[in-house]
Amino acid sequence: MRTDNAAGGAAVGALAVAAGAAVIAANVGGPHKATLPPNGGAARFLTQATFGPTDASIADFQSGTMDAWFANQAAQPSLDFLAWVNRREAEINAADPNHLAHATSAQVQEAFWAAALGGQDQLRQRMAFALSQIFVVSFVGSQITPRIAAAYYNLLLANALGNYRDLMRVVTLSGAMGMYLNIIGNIEADKDPTRHPDENYAREIMQLMSIGLSKLNMDGSYQTDFDGNPIPTYSHDDIAGLAKVFTGWGWSSSTPTASTFTRAPAGSDVLPLIPYPQYHSVLSKSFLGGIIPAYSAAPNAAQMYAELDTALNIIFNHQNVPPFVAKQLIQRFVTSNPSPAYISDVAHVFANNGQGVRGDLAATIKAVLTHYEARNLQAAARPHYGKLREPMIRLANFLRAFGATSVSGNFLTGPDLSQATQLDQALLFSPTVFNFWAPSYAPPGSRVAAQGLRAPEFQAADVLTTASYVNMILGVVQVGGWSKDFATAYPNELALAPSGQLIPAIALANRLNTLLCGDNMPSPLYQRIVAVVNSTVPPGSKPTAAQIATANLYRVQNAVALVMVSTDFLIQR
Amino acid sequence: MSKFSRRDLLQFAALGAAAPLAADLALVGRTAAAAAPSGYRALVCVFLQGGNDANNLLLATDADTWGRYWAARWRGTDPIALMPPGTAPVAIGSKSSVTGRTVTATDNPEYWGGVLPITPATAQAWPAGTQPTAGGAARTFAINPLMPLTQSLFSQGSLGFLANVGPLLSPLTKAQYLANSPSTPPRLYSHSDQQATWQSGQVAGTGASGWGGLIADAESSVSPSGVDFISITTAGGVVYPAGKTVNSYRVNVTSTGAAAQLINVLQKTGTYNGSPLVLSALAQTILPNTSMLTNILAADYADIVARSVQTAKTFSTAIAGAAGVAPAPTAFTNPLNGKVVDNPLADQLYAVATTMAASSTLAVNRQVFFVQLGGFDTHDGENSRQSLLLAQLDHALNYFAAAMKTMGLDGAVTTFTASDFNRTFTTNGDGTDHAWGSHHIVMGSAVKGGDIYGQYPTLGIDTTTWNNPNAVGNALIPTTSADQYLATLATWLGVPAGSLPAIFPNLANFPTANLGFMTP
């Protein structure tokens, strides 16, 4: 870390190390009991836990204890994505003289940026974003509407700090997942040997959303057989068994018919799916060692709900769920290569929050973020530590740091950010159910691969996207955003200048160190910023006030540009 | 010198110590070149992402097989059985004499008319469990009705099919499958794993490198000059084009073919934004000295950016020098709604053709390309979804075949399909689920086209009185291994026989490494 020009930074680092050492020495029963020094590491913590630190969020964090911060975050209200899309749909339709224009996926992106930038519920927003990459639903390759997507994101937000088991249920019964992985319209084939229930959701809820393909130890390592091979968690028979559970679920209706089974009546597109017992398999269903007995007569709706809960409990209680979820959350928030001990500590909290509750996501994410390996700067200094910031998070970090606002209030996002020549990422725009990147991805021929390590976000980093990012972000830095509607004029950075004078280079570098690098900026970049800022001057020996103002804007733009393209920013540590 | 030590040296070379290798590389080059074909050659992998339902791509139309096909697929809420050969298309509002149903939409199979007959040059044997058509006539075949151009290419001998190909560890009978001895490949039916399997050539591969990339590794030892442009992809984050030493090159698909992405700020000079230092500082920051970076993720990221910058100018210049050589695709009309729409696969193949036109400037003699069409995971709505995709495939293949002829490359470029897996033989009501053995397309003048290679399987679900030796449940047990299919293509490209086991570790378990569908 940087030690020059930053007495505060050095002190923070020392305190963090001391706190970490105390945790080790005490060997506390749960890492969630670890605490931070009250005023230390705020920016770095908020870099991991939120869409990026701001002056206000740092002050808020420093005003209380870690426990109070988590409690306060859980209490913050969330933006209603569905209400946003409905409002925008009405506006867009009214603005078209022919009333043919409608909301698109762009309005869901608007809601995301509004919430990521302005929401006080930052932890919940970050968690929902992470969960949207586990419980993947995408506009790509599906007929998901903006309303259905917004309703789905509301479910992720509502349960993001709740219980994983509840999340599994609301996701299963959501119109979005019902459409994306074919739960809706899935009909039993009990007496028809030439047909079979759709297996898509049954497979992916196990492979991608809960247990994965191979049996895990609590520390995330594979359990192996006598030959040293990983042990599969399930076979095709398990999938076929579970697939029968997901038959006979269709769109909500007060008068369910064959038509409403697959076509949503007005307004029910955003409601939970309901049982259609006439389409539900009555056979026994065995999977993952559990058996749901056959029905002697056609089941009623209550029996179908009970059966669904039984099935989800079988999955939820599988030994793999705690390490599976723990590792992916650590990868999304802190580091691509957590130690086995880190995974194990978080997995144990997932398995039991201390009060006998399994699947407590608030406790789990607290364990992720307060762990020694998340907080300690010596841990962060190890060569394999950290993660590539996701493209959307890089942009969010920038926009929050410098207080970007939307003139219209609608956060008009301009270009389609999902394009490879833009960010190569947008909300609910994964190319497939396998998310933008796989947890196990290692770039071919890399140092990471050579050491047997992982770097999931590198799956989207290639010669095209890395160059596109530089072009895109430098354009954003130059205008302070990506449109006249949605930008910042860098007011707080320009305010660093004493009246009529140039912005002091060190003050500006310190500020960027805090806002963009979590007070952990290495010395070479820091010194480069100082040199470039000092070299950015108005013309002539007696510049006008306007020329000084322009030079100050250049100072900010040049300094911010350097950080945004630096691996010291790109690799969050 | 073994291939492994060569590879290690190349890895070392990639880290910046190329000079001591020149002599070794020259030696390797001579050795390999002795057996390799001369002149430019390329393989183009068309990946049908999501698992194409090949049961509706290539069909056997003998009475016995068709009866089981019809029974399995003419059912459910939206039946997915195609009409028998010779059936005339039925207009919307008219009644089909085959199904007795009134056609209501352009995605009703009756609307498309019957499957399109093809006659393979070599008669297919009647497989066990199949009742030969009376009179001992040859087994008959057809392809999807939305692929008339592919039918023409087949009859012209420019295109052939591989029947029932899939990942295997060794030849496998149904009895062996049921006894689980020898083993079946792990993680069948899983998208991510089977994509990795098909793209890596290794059924239990780690997914770190693909067989296209491994071919590029081997090729880079022969002609290291164009190493950056041997393995080309239009898709991000895929396994196939990644080598152990050679990195894939992702091109930007544009309206004029292919382009590299230049970093704009690196093209500027002088004082910028009021500072004489900022441009050089940005360059140093964008392209850091990786030896100064202690974090390996940072160094790996910096390597990608550096490669992007190093290659972008070379690529842009080469593409500009070959402007107009590759013909652009013709317009594609969506057969379901009659509208002219984009065909992303044709666009990608245009990028491939554009890149090939620049191959001599890029100093490459061998190339492997990867393009991808998504959306084949037709668990539901298969009629509307797969029909559009196969029409796009048909249009794109026909465009590319013509483009290669125009460019004089039709004998030097072989195009082939791959996919996650085949889909279930029976319908789930309006779609199909994940299965195993599948049928694939190979195209080019070097292909011994107009034929079906491998045994076209027995189709159908077991009953109490009938047992299908080629299927377990809804999935075909492959009778040709993906390794054999891909190794035949690799051999044609010029990969020496001695290098094949490293790329396809299970190849030796099969009776032949060359299926004979390529002219050497």
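**Close-up: a proline and its surroundings**

Modeller: Let's start with A:P322: leaving out residues up to four places away in sequence, A:P322 touches A:M218, A:A347, A:F350, A:A351 and A:R358 (contact means heavy atoms within 4.5 Å). Before going on: this is a predicted model, where local features need pLDDT of at least 70 and side-chain atom pairs count only at pLDDT 80 or more, while totals for chains, interfaces and linings use all residues. Residues are numbered from 1 along each chain as its sequence is written, chains are lettered from A and ligands numbered from 1 in the order written, and side-chain values use heavy atoms, with hydrogens and water left out.

A:P322 sits in helix α15 (residues 321-333) of chain A; helices (H or I, at least four residues) and strands (E, at least two) are DSSP runs, numbered from the N terminus. At 1% relative accessibility, A:P322 counts as buried (under 20% relative accessible area; exposed is over 50%, partly exposed in between, 1.4 Å probe, protein chains only).

In α20 (residues 391-401), eleven of eleven residues are buried, including A:R394, A:N397 and A:R400. After α20(A) comes A:G403, with a positive phi near 65°.

For helix pairs, look at α8 (146-159) and α9 (164-172) of chain A: the axes are 10 Å apart, at an angle of about 170° (lines fitted to C-alpha atoms, for helices over the stretch in contact; angles between N-to-C directions, 0 to 180 degrees). That makes α8(A) and α9(A) roughly antiparallel (over 145 degrees; under 35 is roughly parallel, 65 to 115 roughly perpendicular, the rest oblique). Among the contact residues are A:Y152 and A:L156 from α8(A), and A:L167 and A:V170 from α9(A). By class, this contact has six nonpolar, one polar and one charged residues (Ala, Val, Leu, Ile, Met, Phe, Trp, Tyr, Cys and Pro are nonpolar; Asp, Glu, Lys and Arg charged; the others, Gly among them, polar).

Then there's α7 (122-131) with α17 (361-370), also in chain A: their axes come within 12 Å and cross at roughly 95°, so α7(A) and α17(A) are roughly perpendicular. A:L123, A:M127 and A:L131 of α7(A) meet A:L361, A:I365 and A:L369 of α17(A), giving six nonpolar, no polar and no charged residues.

How far to trust chain A? Its pLDDT (the predictor's confidence in each residue, from 0 to 100) averages 91, and 93% of the residues score at least 70. Residues 1-39 of chain A fall below 50, though this stretch has 51 contacts in the model beyond near neighbours in sequence.
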